[in-house]
Amino acid sequence: MDFSDSPEEATFRADARSWLDANAALRDGSEKAQDHFMARDADEVARARDWQARKAEAGWAGLTWPRAFGGRDATPIEQVIWNQEEGRYAVPPNAFLIGIGLVGPTVMIHGTEAQKAAVLPRALTGEDIWCQLFSEPAAGSDLAGIRTRARRDGDDWVISGQKVWTSGAHYSSHGILLARTDPQVPKHKGLTMFLVDMSDPAIETRPIRQISGGASFNEVFIDDLRVPDSARLGGESEGWKVALTTLMNERFSISVGRASGGARAEELIALATRVERNGRPAIEDGEVRARISDFVARQRGLEFTSYRVMTSLSRGEAPGEEGSIGKLLLGKLRQEMAAFGMELAGTAAGISAKAGDDAARWRNEYLTAPGNRIAGGSDEIQRTIIGERILGLPPDIRVDKSAPFSDL
Amino acid sequence: MNFGFSDEQDTIRETLSRMLGDHATLEVAHNRLDGAEGFDTATWSALADGGWLGLAMSEAEGGSGMGAVELAILAEEIGRCLAAVPYLPVLCMAVPALQSAGTQGQRTSLLPGIAKGRTIIATALAEGGGLAPDTVSAKVVQDRLSGQKAPVTFGAEATHALVAATDEEDTPRLYLADLSASGVTIGALDPIDRTRPAARIDFDNAPVELLPGSDPAAIQRMLDGAAVLAAFEQIGLAERALALTTAYAGERHAFGRPIGGFQAVKHRLADMFAKIELARSNAFFGAWALASGDSRLPEAAAVARLTALDAVQFTTEESIQLHGGIGFTWAADPHLFLRRGWQLKAELGPADMWRERLLGHLATPLRAAS
Ligand SMILES: Cc1cc2nc3c(=O)[nH]c(=O)nc-3n(C[C@H](O)[C@H](O)[C@H](O)COP(=O)(O)OP(=O)(O)OC[C@H]3O[C@@H](n4cnc5c(N)ncnc54)[C@H](O)[C@@H]3O)c2cc1C
């Protein structure tokens, strides 16, 4: 048990810091709260790309990827160190999480040599931006129920259907798409994964506005998209296995990458020191102190949980269901903290006087947080995963598991 | 950075768990509830014979020179089996206090007896209300102590007590009292957890000896360390309560299937698991801060304590709930864990006290601010 850097880790941290010092400015607290998952507009995408390219050139992109694929072969702990250090600087949001965190690892495991060569280097440098075309209007938690069809046509596949909630589809160059290739077999068995080019005219992307007012996800219509068989990732009808690799990496990157995402309890301390409650500084109020200290305790626990996961990964264990713990606890914590920030900041109702004031900032956080509890597998789904795969409880009743999809 | 245990530490855990499993069964705990004497001397002797009571003492002191992480493993395993032994006051408070604030003479005369299981030092900090050093009203004048301390866990079973009292300048310090001396009266209390007997001790001009290195900060440090180690005990007991509830949910059938197949049950078990793991992560940081002497110990102790209190209360209450009617019976196991949980809350102070400890470090201390 050692929380301090080993000599190699200290060197890594010093190297990271000196590169960051030379290439970015430290945050000064005036930055807009940002959801590191998403870029907001074309300008932010351009800045994100530029930053990614510089990192890639200097060897700071795709840290945990093998060197053979342009990565640094860094340990998961070194990834944490990098995240800690980069988090201190005012850098553009990371638009590459899906490409580097989800698609890259999936292609490394299931891709052909040609696919690895085509996908990995460009994902790393940020030339390509990837989105995840999994969820559909009728299939989210129950992902294996997707209806988008891919039919064989000679050496090609022709894909039609609709995807939804696709984060970043509007600025992505490529997508990883799950489609049904065989409806005559049970739902998990007839799926196949594809890698598609989002600039194809057969794909239409329409942004969807979220409760926060922004539009970071989309609905995507696919109308007779023709792709060669070389766009198939993994075996025909083996799409579920491929998807599980992607989803495991997704849960993992959300819980680890974002243990420090969203607002921090320290910001609530600063806020409570500035504002009044019952005629005195809010930080002197008993309830305020109780709430904030519980937030701090939970937030620390989440950070240290991600370090524990990193430790087991560094010992060569595969990313497992532990990712569900962080995923489950983070969203709710973020939502509760944001609600409390709103209560402290405004006349309880979140009325903002001017853009960027406390009320506006916490309102935005509050209206962003619910997405955390749904995206990447909802809280309820995480509880089922913990209950069944970690605690070994009997499975839910799944009535449609063995019938052919076409009979459902 | 390495947030796991070493192979040697894993071996220590296995050895301890086997040894405690042989002695401290839940039946032993049930017997305490049914009136057997609180202190499980058989388990304590077994710990002494195995060399575990000297675990965190140097070889010169009669111990095996291990540290806080190994002590944390012991605490977790004790929590898991609800052993009725005074490891928390003796090993987690008195020993470190003697090591950091006592004289060479005090160490030489007391530590070997502790390692052998003969000397038992209770910690007498609380006076009914708080635990914090600045709430102390017991007083020492010319090496004579007067005041009342309660609750003192294992007070009636102990040979000595480490007492918080103010000196002639009104500064809280730690004093060592021989409980067989004149001027000491001990009365039994009725604790919620009878595997942790508690007493009230009246000192009337009783002779005591100062730990010269002790001051309010040292007392607080002792409490911080104890909170970290107690968090491991809390995690151990919560994990056992979860395990037995999970097993029950797999066996008990209703509506044609095991109750653990219903989401209302399954998801609650998942919530217990998540809370325990969150507490464990904080406790790991605490163990490291304690072992390495890191300056973040106060914060680490407070967050470990807060999340452990929450995990234990949720797990033990829901454990009773998910057992149904049988869970509400005296003869069933779940309430043993609930009782130990509340006992641990009482022994080291409730959440409020630790919230203030945390915010005192991160923001403004409440008293100074208002
Ligand atoms: C901000 C955001 C970004 C997203 N980005 C992407 C993306 O980039 N790509 C992508 O493919 N998808 C994305 N999604 C979609 C996301 O994965 C789904 O929304 C999610 O899996 C839930 O599916 P659903 O919306 O169909 O809800 P449903 O599955 O219909 O769920 C509705 C409610 O029922 C509950 N529920 C469902 N099944 C069960 C069950 N078996 N037991 C108990 N409760 C259950 C759910 O927990 C939820 O509360 C995103 C979603 C959000 C909010």
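This is a predicted model: local features need pLDDT of at least 70, side-chain atom pairs count only at pLDDT 80 or more; totals for chains, interfaces and linings use all residues.
With which residue does A:Asp43 form a salt bridge, and how far apart are the closest N and O atoms? The legends below take up this pair and then chain B.

View 1. Residues are numbered from 1 along each chain as its sequence is written, while chains are lettered from A and ligands numbered from 1 in the order in which they are written. A:Asp43 pairs with A:Arg47, the closest N and O atoms being 3.9 Å apart, where a salt bridge is a side-chain nitrogen of Lys or Arg within 4 Å of a carboxyl oxygen of Asp or Glu. Both residues lie in helix H2 (residues 42-57) of chain A, four residues apart, about one turn of the helix; helices (H or I, at least four residues) and strands (E, at least two) are DSSP runs, numbered from the N terminus. Over all chains, a search of the whole structure finds 60 salt bridges.

**View 2. The domains of chain B.** Chain B, with twelve helices and nine strands, is divided into domain 1 (7-115), domain 2 (121-214) and domain 3 (217-369), with bounds that come from an automatic or database domain assignment. The centres of domain 1 of chain B and domain 3 of chain B, taken over C-alpha atoms, are separated by 21 Å. Their contact (heavy atoms within 4.5 Å) takes 23 residues from domain 1 of chain B and 28 residues from domain 3 of chain B.

**View 3. Area buried between domain 1 and domain 3 of chain B.** These two domains bury about 2100 Å² between them, 69% of it on carbon and sulfur atoms, where buried area is the accessible area (1.4 Å probe) that two parts lose on being put together, summed over both. On the side of domain 1 of chain B, the most area is lost by B:Leu33, B:Arg80 and B:Leu82, together 25% of what that side buries.

**View 4. Salt bridges and helices between domain 1 and domain 3 of chain B.** Two salt bridges are counted between these domains, and B:Arg80 forms a salt bridge with B:Glu239, with the closest N and O atoms 2.6 Å apart. Helix H2 (26-33), helix H4 (68-81) and helix H5 (87-101) of chain B are the elements that give two or more residues to the side of domain 1 of chain B that touches domain 3 of chain B, and H4(B) gives the most, with ten residues.

Technical notes
Side-chain values use heavy atoms; hydrogens and water are left out.
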